[in-house]
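Please prepare a briefing on the protein shown below.

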Amino acid sequence: VSKQVLEQVLRELQPLCTAEQQFIEKFFQLSQDATELQVLEVRVRTMSSPVPIVKEPTTQLLSEIFSCLEPELRGFLEVCSKVHPFSCLQVLVTLNDFIFEMLGSSSTLHSSFLNTVLGNMLFLAKSRFNKCIETLCKEIEEAKMPSKLKDRILPSVSLFEEFVNFSEVVFRTARQRGDLHEAHLRLASSVFSSINSLSSANLKVNTDMVMMENFHHIHCFLCQKKIHCLEGKKREAKQKYSEHMEKYVKYLGQPLEKLNHFFEGVKARVAQGVKEEEVSFQLAYSKQELRKVIEKYPGKEVKGALETLYRKIHKDLSPEENLLPVVWHAMEQEFIRQYQEFEDLIQRCYAGSGIAMDFTMEALLSYFNSITLSN
């Protein structure tokens, strides 16, 4: 509504001000200073400061005749900002496009007075826009984490998406997008900062899991939007999502915990300088001790541990992000890596002992496959 009203006001003002200026110039035999139009054009492109009011007779007379025009336009902008928190975007685009259209129309006689007023309004709209982005960034960065994260997607992420969706509609046909690109980058940085701050939050759920889901959500959103200036942030979101998934997978624990603990000790001895072929002569890492640990993990127990793990992951993850298959596959890859490491250490440090895991790699893969298909 504000867009339609503002456009109507501008289109009715232009001929009115131009006609009034032509009359004054003709009646009082005054001439318009052509440099004013150049001044406006520079201000429209840089918007670094308000357009100065040129003290020439025509503008001075029109300023007195239309003395209420600028205050009324300022008042309208004020009302717009109260109607919708992001209305400053629409005002900025509407003013910017109208002035560009006006400057590009060689058939239109321009009112130097209106040029000045609109230039000032454009600067005000730009200022309001910057203030809106600044406030939004602060709101995102200082957002408090909900005590219970029922909806795993953080409010700051939802707010960022709301702004991007709204701004893309408003700026869809805009002649300039530089201000919006800068705003998108500032907001994206604030959202990333907000998610990263979770690492120090006292959450009742795993922090890496929440960070993984939120960075994954942002990555999917940016893939869908295809906003060129946010390509770097899209790649960063993917990288962060992968990093936190890796941490989450490690947090899930090691179903073969005692085996992991045993072989961590073996690796530590080797790192300390013990020869691989002599590790088995260490009391805590003898062949007998290794057999005892392996006996604790028959195939049936391993499959049961994996089923328990799957249920935990299913319970942890939010269904909306659909990350269960991805995390489960990552867990499978991590489990395979662990298994291969164990086999390698047995061959290197317990060569010729005939000791082997109670289950094969093929059996391990079948466990994962069976659990996946049954769920």
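Glu289 is partly exposed, at 28% relative accessibility; here buried means under 20% relative accessible area, exposed over 50%, and partly exposed in between (1.4 Å probe, protein chains only). This is a predicted model, in which local features need pLDDT of at least 70 and side-chain atom pairs count only at pLDDT 80 or more, while totals for chains, interfaces and linings use all residues. Residues are numbered from 1 along each chain as its sequence is written, and side-chain values use heavy atoms, with hydrogens and water left out.

- Glu289 forms a salt bridge with Lys292 (3.5 Å, N to O); the term denotes a side-chain nitrogen of Lys or Arg within 4 Å of a carboxyl oxygen of Asp or Glu.
- Both residues, Lys292 and Glu289, belong to helix H12 (residues 287-295) and are three residues apart, about one turn of the helix; helices (H or I, at least four residues) are DSSP runs, numbered from the N terminus.
- Lys292 is partly exposed, at 41% relative accessibility.
- A salt bridge also joins the side chains of Glu334 and Arg337 (2.8 Å, N to O).
- Glu334 and Arg337 are separated by about one helical turn because they stand three residues apart in helix H14 (residues 324-349).
- Glu334 is buried, with a relative accessible area of 13%, whereas Arg337 is partly exposed at 38%.
- Salt bridges that share partners connect Lys250, Glu264, Lys267, Glu334, Arg337 and Glu341 in one network.

- The whole structure contains 16 salt bridges.
- One of them pairs Asp179 with Lys126, with the closest N and O atoms 2.2 Å apart.
- This pair links distant parts of the chain, with Asp179 in helix H8 (residues 178-196) and Lys126 in helix H6, 53 residues apart.
- Asp179 is buried, with a relative accessible area of 17%, and Lys126 is likewise buried, at 13%.

- Beyond its neighbours within four places in sequence, Val327 is in contact (heavy atoms within 4.5 Å) with residues including Met212, Tyr248 and Leu317.

**Exposed phenylalanine**

- Phe27 lies in helix H1 (residues 2-27).
- Phe27 is exposed, with a relative accessible area of 57%.

Notes. Helices (H or I, at least four residues) and strands (E, at least two) are DSSP runs, numbered from the N terminus.
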